[in-house]
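Please look over the sequence and the model before reading on.

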Amino acid sequence: MRETPRSRVTVGDSRQGPPQLTPGRAFAHTTGASGSGSPHRSDGRPPHTPRGARYTGPGGRPGTTPPVPGRPAIFPAERLPVFSVLGCALLFALITWQVRTAGPLLRLDERIDRHLVNHGPSWLNQAFSDLGNMQVALPVLALAMGYALWRGSRFDVGVAAIAMAAVPALVIPLKDWTARPGPLDPSTGYFPSGHSATAMVAYGGAALLLTPYTTRSRPVPVAVILTVATGTGLVLHGYHWPLDVVASWCMCGCLLLIASLCVSRRNRHRSSSRTPDC
């Protein structure tokens, strides 16, 4: 025979309300204020997390609070410029190796060039090729450097100047080492394209200096258009093989990406140093 549970209300206690807090005992879902002395589960936290307010994990799956971290990305966004530098360097090394060993990529390059050379208006191809002349590209970079200096970006100007100075320091030894003849000229010294390298670093460096002071990133697409136009004019006019231009783009892409990394890290360091401690 089951006994009827005894009531916990004593004879001397006639209150019928809910049980009161007892020292030394904790109620799992009782909230309290920090430092009040009352046992509590957490401060300002509801007893139960509503199902609709739960966070979701990767792919919209229900998670916990806090959400369970998902699988780490293979290529984190903050490391993307580093991977881009490595990719450009590897592609440049591959093209240079093919040029030095007369590999299959070099023979394909020569076949493609036969279908491209002397196509289009000669005056237009010449105008595009002249965009890579130092007399045209360097004044554009100099104007951008002067404006950046006026705005107080001396570090950025120094980085752009170093990138521009690295162009002849890299191109001239490579031309002597590869000794590749031109499409229409039997003399050697056409790999990589110096005009393409000058155009890419000069216009790209100018875009790097001017972008922080523009509401939209218009200098970047302008620099890309000028760089592509220069390489196209050089190939169509017969001044360079296509791989000469592509190799210059890979080499100078490394220079500009490294310059951009230096500038961005410098700016982050300056902004963090200016932020007051809480």
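Ala179 sits in the loop between α5 and α6. The model is a predicted one, and in it the phi of Ala179 is near 55°. That is a positive value in a residue other than glycine. Ala179 counts as partly exposed, with 36% relative accessibility.

Asn118 also has a positive phi, about 65°, although it is not a glycine. Its place is the loop between α2 (104-116) and α3 (122-130). Is Asn118 buried or exposed? At 56% relative accessibility, Asn118 counts as exposed, because the cut-off for that class is over 50%.

A cis peptide bond joins Phe191 and Pro192. Its omega is about -10°.

## The chain as a whole

Which kinds of element does the chain have? It has eight helices and zero strands. Read from the N terminus, the order is α-α-α-α-α-α-α-α.

The chain has 278 residues, and 32% of them are buried. Take the contacts with a separation of 6 or more: 67% of these come from residues 24 or more positions apart.

## α4 against α6

How do α4 and α6 lie relative to each other? Their axes come within 9 Å and cross at roughly 15°. The two helices are therefore roughly parallel, since angles under 35 degrees fall in that class. The crossing of α4 and α6 is left-handed.

On the α4 side they include Met134, Val140, Leu141, Met145 and Tyr147. On the α6 side they include Thr198, Ala202, Tyr203, Leu209 and Leu210. By class, this contact has 14 nonpolar, two polar and no charged residues.

## α6 against α7

α6 also packs against α7, at an angle of about 175°. The axes are 8 Å apart. α6 and α7 are therefore roughly antiparallel, because angles over 145 degrees count that way.

Among the α6 residues in this contact are His195, Ala199, Met200, Tyr203 and Leu210. They face a set in α7 that includes Pro219, Val220, Leu226, Thr230 and Leu234. By class, the contact of α6 with α7 has ten nonpolar, six polar and no charged residues.

## A buried glycine

Gly132 is placed in the loop between α3 and α4. Is Gly132 buried or exposed? It counts as buried, at 3% relative accessibility, because the cut-off is under 20%.

What does Gly132 touch, leaving aside residues up to four places away in sequence? Its partners are His195, Thr198, Ala199 and Thr230.

## An aromatic cluster

A pair of aromatic rings is described by the distance of the centres and the angle of the planes. The count here comes to two aromatic pairs. One is Tyr147 with Trp150, 5.8 Å centre to centre and with 45° between the planes. That pair is tilted. Both residues belong to helix α4 (residues 134-150). They are three residues apart there, so about one helical turn separates them. Tyr147 is partly exposed at 31% relative accessibility, whereas Trp150 is exposed at 68%.

The other pair joins Tyr147 and Tyr213. Their ring centres are 5.8 Å apart and their planes stand at 85°, so this pair is edge-to-face. Tyr213 is partly exposed, with a relative accessible area of 25%. Tyr147, Trp150 and Tyr213 form one aromatic cluster.

Definitions and conventions. Residues are numbered from 1 along each chain as its sequence is written. This is a predicted model: local features need pLDDT of at least 70, side-chain atom pairs count only at pLDDT 80 or more; totals for chains, interfaces and linings use all residues. Side-chain values use heavy atoms; hydrogens and water are left out. Rings of Phe, Tyr and Trp (its six-membered ring) pair if their centres lie within 6.5 Å; planes under 30 degrees apart count as stacked, over 60 as edge-to-face and the rest as tilted. Helices (H or I, at least four residues) and strands (E, at least two) are DSSP runs, numbered from the N terminus. Buried means under 20% relative accessible area, exposed over 50%, partly exposed in between (1.4 Å probe, protein chains only). Axes are lines fitted to C-alpha atoms, for helices over the stretch in contact, and angles run from 0 to 180 degrees between N-to-C directions. Angles under 35 degrees count as roughly parallel, over 145 as roughly antiparallel, 65 to 115 as roughly perpendicular and the rest as oblique. A crossing is left-handed if the near helix is turned anticlockwise from the far one by less than a right angle, and right-handed if clockwise. Contact means heavy atoms within 4.5 Å. Ala, Val, Leu, Ile, Met, Phe, Trp, Tyr, Cys and Pro count as nonpolar, Asp, Glu, Lys and Arg as charged, and the others, Gly among them, as polar.
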